[in-house]
Amino acid sequence: AVDVSVSPGSGGGDGGEVGWNDLMNAVKDGMKKFHPDRNSKRRVGVKRSVYCEEVSKCLSLLQSLMETVNEVTLVVVSESGPEMKMKVSMSLSETIASLKKRVAEDFDKVDASAFKLTLSGADLVDEQMLGSCGIKENCIVKMLPVLKGWTKF
């Protein structure tokens, strides 16, 4: 909408650039300004009311897209033992350790240190971020047991 302005602030932009938080704040302010309850036909007229309702719908859609742009949905499948499968939605900025913790919480009787996660045959390291290890939307991550023995150092 032309009536929604974005100005650089402390939202993550450098050198006067508009950052992510600036955009989120502008959308939030626009949602307040154009909300249909604040712009009833009786108060602002039919034409302006219809315009505000359409702008509010567009801003609502934009807000929901902005909230999920940094998320990924993936499938975790067990490779041994009883077949377990789960679909997980997580932020790309979270770590493999947090994914393992989530899997351990959702599957009863599973300890996070008792399994490792692999993607296309490569082991995923606990400190890696989901976005940096090649995880994409709807990819399959395999869960394998960690073999503990005297040969492991």
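How many bridges join strand β3 to strand β5, and in which sense do the two strands run? In this predicted model, four bridges link β3 (residues 115–119) with β5 (residues 140–145), and the two strands run antiparallel. Within β5, the residue that stands opposite Lys 116 is Leu 144.

## The sheet

The strands form an open sheet of five, in the order β2-β1-β5-β3-β4, and the pairing is mixed.

Strand β1 pairs with β2 in the antiparallel sense over seven bridges, and Leu 74 stands opposite Val 88 in β2. Strand β1 is also joined to β5, by four bridges, and here the strands run parallel. In this pairing, Ser 78 has Met 143 of β5 as its bridge partner. Strand β1 is mostly covered, since seven of its eight residues are buried.

The pairings described above are set out below.

| Strands | Sense | Bridges |
|---|---|---|
| β1 and β2 | antiparallel | seven bridges |
| β1 and β5 | parallel | four bridges |
| β3 and β5 | antiparallel | four bridges |

## Helix α4 on the sheet

Helix α4 packs on this sheet and touches β1 (71–78), β2, β3 and β5. The direction of α4 makes about 140° with that of β2. Several residues of α4 are buried, namely Ile 96, Ser 98, Leu 99, Lys 100, Val 103 and Ala 104. The cover over these buried residues includes β1, β2, β3 and β5.

Is Lys 100 of this helix buried or exposed? Lys 100, which lies in α4 (residues 96–106), has a relative accessible area of 10% and is therefore buried, the cut-off being under 20%. When its neighbours within four places in sequence are left aside, Lys 100 is in contact with Ala 112, Phe 115, Lys 116, Leu 117 and Asp 126. One of these contacts, Lys 116, is the residue that stands opposite Leu 144 in β5.

## Helices α1 and α3

A further packing arrangement involves two helices. Helix α1 (residues 20–33) and helix α3 (residues 46–68) pack at an angle of about 150°, and their axes are 9 Å apart. That angle makes α1 roughly antiparallel to α3, because angles over 145 degrees are counted in that class. The crossing in which α1 passes α3 is left-handed.

From α1, the contact is made by Trp 20, Leu 23, Met 24, Val 27, Gly 30 and Met 31. From α3, the residues involved are Ser 56, Leu 59, Ser 60, Leu 62, Gln 63, Met 66 and Glu 67. Sorted by class, the contact comprises eight nonpolar, four polar and one charged residues.

Met 31 is situated in helix α1 and is buried, with a relative accessible area of 18%. Not counting residues up to four places away in sequence, Met 31 touches Ser 56, Leu 59, Ser 60 and Gln 63. What separates Met 31 from Cys 52 in sequence and in space? The two are 21 residues apart in sequence, and their C-alpha atoms are 9.5 Å apart in space.

Technical notes:
Residues are numbered from 1 along each chain as its sequence is written. This is a predicted model: local features need pLDDT of at least 70, side-chain atom pairs count only at pLDDT 80 or more; totals for chains, interfaces and linings use all residues. Side-chain values use heavy atoms; hydrogens and water are left out. Axes are lines fitted to C-alpha atoms, for helices over the stretch in contact, and angles run from 0 to 180 degrees between N-to-C directions. Angles under 35 degrees count as roughly parallel, over 145 as roughly antiparallel, 65 to 115 as roughly perpendicular and the rest as oblique. A crossing is left-handed if the near helix is turned anticlockwise from the far one by less than a right angle, and right-handed if clockwise. Contact means heavy atoms within 4.5 Å. Ala, Val, Leu, Ile, Met, Phe, Trp, Tyr, Cys and Pro count as nonpolar, Asp, Glu, Lys and Arg as charged, and the others, Gly among them, as polar. Buried means under 20% relative accessible area, exposed over 50%, partly exposed in between (1.4 Å probe, protein chains only). Two strands pair if DSSP finds at least two bridges between them.
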